[in-house]
Amino acid sequence: MKIDDQAVTAALLDGKSPLQKLNERSRTILRRIVESYLATGEPVGSRNLSRALPIALSPASIRNVMSDLEQLGLIVSPHTSAGRLPTQLGLRLFVDGLLEVGDVTPEERRQIETQIAYRRDKSVDQLLSEAGELISGLSHCAGIVLAEKQVARLRHIEFVPLEPGRGLAVLVDEDQNVENRIIALPEGLPPSALQEASNYLNTHVRGMTLAEAKVELEKSLHVAKAELDQLAQKVITAGLAEWSGVSDDRKSLIVRGQSNLLKDVTAAEDLERIRQLFDAFEAKQDIVELLGASDRAEGVRIFIGSENKLFSLSGSSLIVAPFRDQTRHVVGVLGVIGPTRLNYARIIPMVDYTAKLVSRLIP
């Protein structure tokens, strides 16, 4: 779909958004075109529109309005004498200004709450994996979750030297899950400093979650100077910085229901787009960058088509919302990836509700 860039630029220069330039008749027709596309994926013509609109308009009047919408780059004709489809800009306008978002049904609420209810014998990773599977099943899209790698309540912490200037921080949680992270060590560090740092952490943060431990250390480390050797302080600071970092290898990407992306795919170019999206899942980098931008905003974020470099290739839409831990810090995002023909009105509140429920369940 090619957008009329000149028309869009002109609308921006005169101080009005494309939506502000539309009268009620134009908005009604644009809404109906988009809703028809989301339901069928097919172009809709003026004659069919005239029968479906809630207002009485002749096909000729509708064609005039459609011509104006096309001038604004909101709809496009895929070929001569065909009906009209929304452009990416038209979809964005619809989602931002014309979409009537519903609510999660009582049955969907019950299903979500039953499937991802938190139990003490369930790890946070299990909770997030179940959330991804659930939202994939309900939306018939691919469910996606990006979160900081989770370590539950800490049982033991150990610093192990690897080579000059590098060491390994080993975190063991109460479920016996182990996470290793390489950290930078001060030059000439004696083994006694590593042991001292380990002893201090096992005394002060054992039984805490990683988030609680980070908060506690940030508050108390400057007070601990009398208790700790200077080099041991540096080890703890290096470990704390590593735990608090945002490097990709500390992000856990969970994708569920990828087969849903292959539904209704018939053309070879559609298969190529899906293949590129699967490659992005494997590489993870593009997904991590995209979702990283999402966790800095409140509420649901929607990315359509080429609004980002990842989907400029795959032609997909992403609906995501952040979730938080008990300290109200954003610790990840969850949502769905699917074709641009998503049921936005249904999926947006579903993603929002699931993210808020996960926020309540994460310790």
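**Exercise 1.** Find out which residues isoleucine 29 is in contact with, leaving aside its neighbours within four places in sequence.

*Solution.* Start with the rule: contact means heavy atoms within 4.5 Å. Now go through the partners of isoleucine 29, which are Leu49, Leu53, Leu57, Ile62, Val65, Met66 and Leu69. Before going on, know what you're looking at: this is a predicted model, where local features need pLDDT of at least 70, side-chain atom pairs count only at pLDDT 80 or more, and totals for chains, interfaces and linings use all residues. Residues are numbered from 1 along each chain as its sequence is written, and side-chain values use heavy atoms, with hydrogens and water left out.

**Exercise 2.** Work out how many residues the largest nonpolar core has.

*Solution.* First, the terms. A nonpolar core is a set of buried Ala, Val, Leu, Ile, Met, Phe, Trp, Tyr and Cys residues joined through side-chain atoms within 4.5 Å. Buried means under 20% relative accessible area, exposed over 50%, and partly exposed in between (1.4 Å probe, protein chains only). Next, the count: the largest core has 60 residues, and Ile29 and Tyr344 have the most contacts inside it. Helix H14 gives the most to this core, with 9 residues. Apart from it lies another core, of 23 residues, among them Ile157, Leu189, Val205 and Leu217. As background, nonpolar side chains tend to be buried together in soluble globular proteins.

**Exercise 3.** Describe how helix H6 and helix H14 pack.

*Solution.* Locate them: H6 covers residues 106-115 and H14 covers residues 344-361. (Helices are DSSP runs of H or I, at least four residues; strands are runs of E, at least two, and both are numbered from the N terminus.) Then take the geometry: the angle is about 35 degrees and the axes are 11 Å apart. Here axes are lines fitted to C-alpha atoms, for helices over the stretch in contact, and angles run from 0 to 180 degrees between N-to-C directions. Finally, list who meets whom: Glu108, Arg109, Ile112 and Glu113 in H6 meet Arg346, Met350, Tyr353, Thr354 and Leu357 in H14.

**Exercise 4.** Decide whether serine 129 is buried or exposed.

*Solution.* Find serine 129 in helix H7, residues 124-139. Its relative accessible area is 14%, so serine 129 is buried. Not counting residues up to four places away in sequence, serine 129 touches Ile254 and Arg256.
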